[in-house]
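The following paragraphs lead the reader through selected features of the model shown below. Please keep the sequence and the structure in view while reading.

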Amino acid sequence: MTTTEHGAQTYPFSAAEGLALNPRYAELRRDEPLTRVTMPYGGEAWLATRYADIKTVLADARFSRAATVGADVPRGTPLVQQDSSILSMDPPEHTRLRRLVAKAFTARRIGGLRPRAQQVVDELVDTMIAAGPPADLAASLAWPLPITVICEMLGVPFEDRDRFRIWTDQLMALSTTDQQTILDAREQLNDYLAGLIARRRQQPTEDLLSVLVAARDEGDQLSETELVTFGVTLLVAGHETTANQTGNFMYTLLSQREHWDALVADPDLVPAAIEELLRYTPLGAGAGFPRIATEDIELGGRTVRAGDAVVVQIASANRDAAVFDEPDVLDFARPDNQHVAFGHGVHHCLGAQLARLELQIAIGTLARRLPGLRLAVPADEVVWKSNRLVRGVRELPVEW
């Protein structure tokens, strides 16, 4: 860890290695819950590490996401965000876009997807078993499941998955020697969705993309740029995080064998286990999207001035001992698990229920059908992605 001449600590404190959470977060929660950090790009920001402060930043409208668009604000990624998306809007614009797709992501609608998601998982597991061990669980199950589901919801051809996975992976870079690579990936994704939108205008279907096209053309509820950006956001967010967390969760379970054995012995534990794994397992490599204070605000015993940037570390909130007893222990019997893995406030993850469904079915099915599943290499030899916004295994070799 290094400190600048102004006293701000260089952030991130270290490169994300596997699923380890830097111990500096625990020190800050105890001693300095709101601290000045120098971000990789854009200068200094406030870093919030405690649960209560993080929930405040996520829910208080005075911490603006919209103020970051087009501005060289402190941030963890190379490019200044130029296009406004649902992830970078404040109400009422955010509310307007969210309302357009909210019905597709209700608990009832997502519950109706369970039979199809179960079918997809069973087919993927059948194929993996037929090929025989060893297998790469990331390639065999973790990635194709959420990609299949979000493609069917949106109306994106599944056979194009390799193309948009490459573009998505390039967009997720934390640093690059060639920023044009990220710009090109963004442009290619936008062009790809624009092409699908043009096809839906000619041949409407029952998918979510057609609903958005109708909202644009018939209801004038969003602009053409918003339509394309919204489609890209749903496609990327709809598979990237769940795919990585499926691999992360399975790594955690198989490297801490007693927890896998507990699920095999009692499948009814799966829903609670998923909630605890969501709390326990870091996903982001560092702090999340920056927010800009629109007025002076008291936070964590400090004064955040108007114009200051604030970033939050969700994984740190989920390890806060003021909220969770023995926070560094994975406990499937944890009562009242109020984690913030899906965020909080108006930007609470739209696809949270879909992610839960996919994770429950994937892990529950593996526990039922392959109780002897185990890592095919020592846990410390599993290869992890690096220089990415989110943590994830590059491969997860297993046998049974």
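Strand S10 and strand S11 (residues 397-399) pair in the antiparallel sense over two bridges; two strands count as paired if DSSP finds at least two bridges between them. Across this pairing, Leu-375 faces Val-398 of S11. Helices (H or I, at least four residues) and strands (E, at least two) are DSSP runs, numbered from the N terminus. The model is predicted, and local features need pLDDT of at least 70, side-chain atom pairs count only at pLDDT 80 or more, and totals for chains, interfaces and linings use all residues. Residues are numbered from 1 along each chain as its sequence is written, and side-chain values use heavy atoms, with hydrogens and water left out.

In general, strands of a sheet pair through backbone hydrogen bonds, either parallel or antiparallel.

Two helix pairs come next. The axes of helix H3 (residues 93-102) and helix H11 (residues 224-237) come within 12 Å and cross at roughly 60 degrees; axes are lines fitted to C-alpha atoms, for helices over the stretch in contact, and angles run from 0 to 180 degrees between N-to-C directions. H3 and H11 are therefore oblique to each other, given that angles under 35 degrees count as roughly parallel, over 145 as roughly antiparallel, 65 to 115 as roughly perpendicular and the rest as oblique. Arg-96, Leu-97 and Val-101 of H3 meet Glu-226, Phe-230 and Leu-234 of H11, where contact means heavy atoms within 4.5 Å. By class, this contact of H3 with H11 comprises four nonpolar, no polar and two charged residues; Ala, Val, Leu, Ile, Met, Phe, Trp, Tyr, Cys and Pro count as nonpolar, Asp, Glu, Lys and Arg as charged, and the others, Gly among them, as polar.

Helix H7 (residues 144-154) and helix H16 (residues 352-369) have axes that come within 11 Å and cross at roughly 140 degrees, which makes H7 oblique to H16. Leu-145, Pro-146, Val-149 and Met-153 of H7 contact Leu-354, Glu-358 and Ala-362 of H16. These residues divide into six nonpolar, no polar and one charged.

Gly-155 lies in the loop between H7 and helix H8 (161-171). Gly-155 counts as buried because its relative accessibility is 15%; buried means under 20% relative accessible area, exposed over 50%, and partly exposed in between (1.4 Å probe, protein chains only). Not counting residues up to four places away in sequence, Gly-155 touches Arg-200 and Asp-207.
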